Amino acid sequence: PPEVDSEGLRKRAVEALTTARARTDLLTSCVDDGELISQHSPLMSPLVWDLAHIGNQEEQWLLRNVAGRQAMRPEIDSVYDAFEHPRAERPTLPLLAPAEARSYAADVRGRALDVLEHSALDGGGPLMGAAFAFGMIAQHEQQHDETMLITHQLRRGPAALHAPPPPSVPAHAVPSAAEVLVPGGPFTMGTSVEPWALDNERPAHATFVPPFLLDTAPVSNAAYLRFIEDGGYREPRWWAAPGWDLVRTHGLNAPLFWRHEGGQWVRRHFGVTEPVPLDEPVLHVSWYEADAYARWAGRRLPSEAEWEKAARFDPVSGRSMRYPWGDADPTPERANLGQRHLRPAPVGAYPGGESPLGVRQLVGDVWEWTSSDFLPYPGFAPFPYREYSAVFFGPAHKVLRGGSFAVDAVACRGTFRNWDLPVRRQIFAGFRTARDLTEGDL
Ligand code: AVJ
Ligand code: FE
């Protein structure tokens with residue numbers, strides 16, 4: 001195993017925990033207590049559940065597991081156990097009131113920072129030590145910060161969050177081609193060395209990918225609108241059977257939050273109704289919609305392996321990199337992450353984040369649906385608990401890659417795997433398309 005720079009990791013852990021808490025505080029302080037305890041959608045928890053769940057997970061993993069402390073409030077564990085209680089049921093639980101939830105989370109954090117200051121971060125293997133536990137907890141909080149941002153998007157009424165400025169796009173922000181050839185051959189998928197990689201990203205393994213062509217940018221609202229206007233939602237042949245059922249049962253005719261009004265398409269975005277921004281990646285589509293669009297376009301969704309190869313493979317060295325642009329951490333010039341902007345940048349933005357093959361926006365902006373089911377890699381070992389990933393493996397969940405504007409860099413990298421049900425539309429998901437190489441391309 002690589003040597004661990006424990007001072008560096010300690011500093012990164014403090015920063016990651018602090019950044020996450022600033023986000024959590026913002027998301028839970030811009031609405032009143034009544035809104036914190038109410039359920040804005042049966043798909044989501046009340047925000048106050050997320051808040052105390054964040055604190056409770058941190059208490060369990062950092063204070064009890066790493067530091068061997070006693071439970072602070074053993075009676076609340078069950079209330080904040082995501083597996084005991086589905087989201088729809090959470091408002092009926094005996095939840096900590098907002099003030100209590102805040103002080104519990106703050107109390108846990110104070111103690112966790114104390115543990116971090118005094119623990120040896122080099123203990124154990126790559127997964128077992130405190131070094132991993134702190135990274136895992138920072139990622140966990142950021143994942144819930146994304147979840148809470150989804151709750152904000154689903155919430156009715158005027159905006160609660162102050163809208164930050166949109167991403168600024170450099171004038172030369174257009175990729176030189178609409179699609180690029182990703183060469184066939186093996187590449188290293190997954191990781192065994194990234195210190196904060198989660199169980200499902202491990203271990204690194206060789207994967208063979210045949211040559212294919214991939215969009216250099218996510219599919220735009222303008223392109224998706226052509227699918228709509230071509231009758232895409234009325235034509236069963238574009239749809240997987242369960243997707244077509246969904247279209248008919250729910251009368252779907254556009255992405256979630258869109259409405260046709262006064263002769264144009266508008267959408268509700270964080271409490272504001274705006275014309276659908278044609279140059280931005282399409283957002284809030286289910287896997288079924290992404291799959292149908294791709295079929296209509298004569299293309300298909302990329303597999304997870306194809307996506308990761310495009311995002312990590314360096315054709316010069318033959319090595320897999322941490323990110324499309326190399327091994328350096330994300331910066332605001334490379335990717336739209338961390339809720340800095342509450343929307344994706346126009347398609348083709350972020351030349352600074354381009355891969356060696358010329359693919360843009362693989363990391364940040366919108367989560368990208370892939371064609372793949374969420375399955376374990378060869379050699380997978382569940383860690384630290386089966387309920388993190390192992391119980392979700394199987395054909396019910398599709399993999400999403402790349403991260404959205406709503407996720408922080410700590411929970412996003414070339415190997416990071418997200419998953420959800422193919423019907424889900426409230427998540428910050430879009431997609432890009434791929435196709436097989438044909439003779440005409442040679
Ligand atoms: C990886 C985003 C699917 O939100 O269900 C949060 C992350 N796991 N708490 C989820 C997670 C436990 C997970 N996703
Ligand atoms: Fe959680």
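Trainee: Where does Ala 88 sit?

Mentor: Ala 88 is in the loop between H3 and H4. Helices here are DSSP runs of H or I with at least four residues, strands are runs of E with at least two, and both are numbered from the N terminus. Keep in mind that this is a predicted model: local features need pLDDT of at least 70, side-chain atom pairs count only at pLDDT 80 or more, and totals for chains, interfaces and linings use all residues. Residues are numbered from 1 along each chain as its sequence is written, while chains are lettered from A and ligands numbered from 1 in the order in which they are written.

Trainee: Why does Ala 88 count as partly exposed?

Mentor: Because Ala 88 has 13 C-beta neighbours inside 10 Å. A residue is buried if 20 or more other C-beta atoms lie within 10 Å of its own, exposed if 12 or fewer, and partly exposed in between, with C-beta atoms placed from the backbone.

Trainee: And where is Arg 87 found?

Mentor: Arg 87 is in the loop between helix H3 (47-66) and helix H4 (98-118). Arg 87 counts as partly exposed because it has 16 C-beta neighbours inside 10 Å.

Trainee: Which residues does Arg 87 touch?

Mentor: Leaving out residues up to four places away in sequence, Arg 87 touches Leu 43, Met 44 and Ser 45. Contact means that the C-beta atoms, placed from the backbone, lie within 7 Å.

Trainee: What does UniProt list for "binding site"?

Mentor: The unreviewed entry lists Arg 87, Ala 88, Glu 89, Arg 90, Asp 420 and Arg 424. Such annotations may be inferred rather than shown by experiment.

Trainee: New topic, sheets. In what order do the strands of the open sheet with S5 come?

Mentor: The order is S5-S6-S7, with antiparallel pairing. Strand S5 (258-261) and strand S7 (272-275) are the edges, each pairing on one side only. Two strands pair if DSSP finds at least two bridges between them.

Trainee: How many bridges link S5 and S6?

Mentor: Four, and S6 covers residues 264-269. In S6, Trp 265 is the bridge partner of His 260.

Trainee: Zooming out, how many helices and strands does the protein have?

Mentor: Nine helices and 12 strands. Buried residues make up 46% of the 442 residues.

Trainee: What share of the contacts with a separation of 6 or more comes from residues 24 or more positions apart?

Mentor: That share is 78%.

How values were computed: Two residues are in contact if their C-beta atoms, placed from the backbone, lie within 7 Å.
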